[in-house]
Amino acid sequence: MEKITERLDEKHYRLQLMYNKSDETEMVIRILSFGPLLRVQEPAGFIDLLRHRLRKQLALRAKE
């Protein structure tokens with residue numbers, strides 16, 4: 001995995017991650033582990049994967 005980090009201000013950074021498509025599920029899990037501390041801005045397909053995973057988790061909690 002390759003990354004580029006840019007400091008935007010005292011509290012904010014922009015991080016670009018380049019990863020293999022085969023590692024995408026692992027990246028979703030890693031990103032979600034940060035909770036509300038991160039905001040994913042692109043690509044749209046990756047954001048859709050994150051949303052889908054969150055909906056699945058919410059559905060599981062609703063069944064409890």
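Guide: Happy to. One thing to keep in mind: this is a predicted model. Let's start with helix 1, which spans residues 24–32.

Which residues of helix 1 are buried? They are Glu24, Met27, Val28 and Ile31. Around the helix axis these four cover an arc of only 105 degrees, so they sit on the same side of helix 1. There's a simple bit of geometry in the background: an α-helix has 3.6 residues a turn, so residues three or four places apart point the same way. As for what lies over that side, the cover for the buried residues of helix 1 includes strand 2 and helix 2.

Now take the buried residues in turn. Glu24 is a charged residue, and its place is in helix 1. Glu24 counts as buried because its relative accessible area is 14%, and the cut-off for buried is under 20%. Beyond residues up to four places away in sequence, Glu24 touches Tyr19, Phe46 and Leu49. Val28 also touches Phe46 and Leu49, and its contacts take in Leu50 and Arg53 as well, again leaving aside neighbours within four places in sequence.

That brings us to the nonpolar core. The largest one is made of five residues, namely Met27, Val28, Ile31, Phe46 and Leu50. Helix 1 and helix 2 are the elements that give two or more residues to this core, and helix 1 has the largest share, with three residues.

On to strand 2, part of the cover over helix 1. With a relative accessible area of 27%, Leu17 is partly exposed. Setting aside neighbours within four places in sequence, Leu17 is in contact with Met27 and Ile31, and also with Met1, Glu2 and Lys3. Leu17 and Met27 are 10 residues apart along the chain, and their C-alpha atoms are separated by 9.4 Å.

Next, the empty space. Rolling a probe the size of a water molecule over the atoms shows where empty space is left. How big is the largest pocket? Its volume is about 960 Å³. It is lined by 25 residues, and the closest to its centre are Arg14, Leu15, Gln16, Arg39 and Val40. Strand 1 (2–7), strand 2 (13–18) and helix 1 are the elements that each give two or more residues to this lining. Strand 2 gives the most, with six residues. Sorted by type, the lining of the largest pocket has 16 nonpolar residues, four polar and five charged.

The second largest pocket holds about 210 Å³ of space. Among the residues lining it are Ile31, Leu32, Arg39, Val40, Leu50 and Leu54. Here the elements that give two or more residues are helix 1 and helix 2, the latter running over 44–62. Helix 2 has the largest share of the lining, four residues. By type, the lining of the second largest pocket divides into seven nonpolar, one polar and two charged. If you compare the names, Ile31 and Leu50 turn up both in this lining and in the largest nonpolar core.

The C-alpha atoms of Leu54 and Leu32 are 8.5 Å apart, while 22 residues separate the two along the chain.

How do you get from helix 1 to helix 2? Through a loop, and Pro43 lies in it. Most peptide bonds are trans. The bond from Glu42 to Pro43, though, is cis, with omega near -5 degrees.

Glu10 is in the loop between strand 1 and strand 2, and it is exposed, with a relative accessible area of 68%. Its C-alpha atom is separated by 33 Å from that of Leu58, which is 48 residues from Glu10 along the chain. So, by the cut-offs of under 20% for buried and over 50% for exposed, you have two glutamates to set side by side: Glu24 is buried, whereas Glu10 is exposed.

Methods: Residues are numbered from 1 along each chain as its sequence is written. This is a predicted model: local features need pLDDT of at least 70, side-chain atom pairs count only at pLDDT 80 or more; totals for chains, interfaces and linings use all residues. Side-chain values use heavy atoms; hydrogens and water are left out. On a 1 Å grid over the protein atoms alone, a cavity is a set of points where a 1.4 Å probe fits but cannot get out, and a pocket is an open set with protein on both sides within 12 Å along at least five of seven lines; lining residues have an atom within 4 Å of a point. Grid points are joined across faces, edges and corners, and a volume is the space filled by probe spheres set on the points. A nonpolar core is a set of buried Ala, Val, Leu, Ile, Met, Phe, Trp, Tyr and Cys residues joined through side-chain atoms within 4.5 Å. Buried means under 20% relative accessible area, exposed over 50%, partly exposed in between (1.4 Å probe, protein chains only). Contact means heavy atoms within 4.5 Å. The arc is that of the directions from the helix axis to the C-beta atoms.
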